[in-house]
Amino acid sequence: MGDAEIKILLLEDNLSDAKTIMRELDEWRRATPILVEHVERLSLALECIQKKEYDIILTDLKLPDSDGLETAVRLLEQAPKIPLIVLTSTYEQEGMALEAVRQGAQDYLFKDKMGGALLIRSIRYAIADVLNGTDDRATKDKVAQHLVDEYSTVIVEKMIAVLGEEAKT
């Protein structure tokens with residue numbers, strides 16, 4: 001990636017979440033020039049994609065003008081060569097996020113578990129996969145299974161913590 005500016009389209013309707021993501025990306029900005037364009041609606045993101053070039057798209061699944069898997073599918077149809085990372089805030093949306101990976105997204109991240117290092121690593125890998133041509137169906141199936149295994153552990157740990165807190169009360 002070198003010194004080339006990384007152009008990121010951030011599609012997030014929750015202003016608090018968008019600010020958090022921007023703060024996480026600020027850490028990276030010190031070492032790598034990045035430009036982040038933030039929009040709150042899928043329709044605006046689709047317009048941006050037609051007018052400008054981006055290196056990666058980060059998107060929430062639940063938006064005012066699109067909900068669930070439809071968001072990822074429309075982005076993938078409009079911009080099949082731009083890496084896509086799905087951001088989700090609830091474990092209930094994990095199935096949709098995983099299906100988005102199966103349909104072409106490079107990764108998905110839970111907003112509350114996504115520190116700057118994880119977000120940046122995911123962005124770098126997604127861009128590298130597309131540039132290196134390693135973004136194929138077999139790879140996606142392996143990645144999807146790895147994500148299920150990895151996040152299943154996180155979910156179990158979170159459930160144990162919640163049950164532990166409930167037992168104290």
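**Reading the fold**

Reply: Of the contacts in the chain with a separation of 6 or more, 70% are between residues 24 or more positions apart; contact means heavy atoms within 4.5 Å. The model is predicted, so local features need pLDDT of at least 70 and side-chain atom pairs count only at pLDDT 80 or more, while totals for chains, interfaces and linings use all residues. Residues are numbered from 1 along each chain as its sequence is written, and side-chain values use heavy atoms, with hydrogens and water left out.

Me: How many helices and strands are there, and in what order do the elements run?

Reply: Helices (H or I, at least four residues) and strands (E, at least two) are DSSP runs numbered from the N terminus. The chain has 6 helices and 7 strands, in the order β-α-β-α-β-β-β-α-β-α-β-α-α.

Me: Which residues have the most contacts inside the largest nonpolar core?

Reply: In soluble globular proteins, nonpolar side chains tend to be buried together. A nonpolar core is a set of buried Ala, Val, Leu, Ile, Met, Phe, Trp, Tyr and Cys residues joined through side-chain atoms within 4.5 Å. Buried means under 20% relative accessible area, exposed over 50%, and partly exposed in between (1.4 Å probe, protein chains only). Here the largest core has 27 residues, and Leu9, Ile49, Ile57, Leu75 and Val86 have the most contacts inside it. Among the elements that each supply at least two residues of this core are strand 1 (6–11), helix 2 (42–51) and helix 3 (69–78). Helix 2 gives the largest share, 5 residues. Another core, of 20 residues, lies apart from it and includes Ile85, Leu109, Leu119 and Ala126. In the whole chain of 169 residues, 41% are buried.

Me: Which residues of helix 1 are buried, and why do they lie on the same side?

Reply: An α-helix has 3.6 residues a turn, so residues three or four places apart point the same way. In helix 1 (residues 15–29), the buried residues are Ala18, Ile21, Leu25 and Trp28. They lie on the same side of helix 1 because they cover an arc of only 65° around the axis, taken from the directions from the helix axis to the C-beta atoms.

Me: What caps the N-terminal end of helix 1?

Reply: Asparagine 14 does, with a side-chain oxygen 2.9 Å from the backbone nitrogen of serine 16.

Me: Is lysine 111 buried or exposed, and what does its side chain join?

Reply: Lysine 111, in the loop between strand 7 and helix 5 (116–132), counts as buried because its relative accessibility is 12%. Its side chain is joined to that of aspartate 17 by a polar contact of 3.2 Å. A polar contact is a pair of N or O atoms within 3.5 Å; within protein, one must be able to donate a hydrogen and the other to accept it, and residues adjacent in sequence count only if both atoms are side-chain atoms.

Me: Where does histidine 38 lie, and which residues is it in contact with beyond its neighbours within four places in sequence?

Reply: Histidine 38 belongs to strand 2 (residues 34–39) and is partly exposed, with a relative accessible area of 25%. Beyond those neighbours, it is in contact with Leu10, Glu12, Leu15, Ala18 and Met22. A polar atom of its side chain lies 2.7 Å from the backbone oxygen of glutamate 12.
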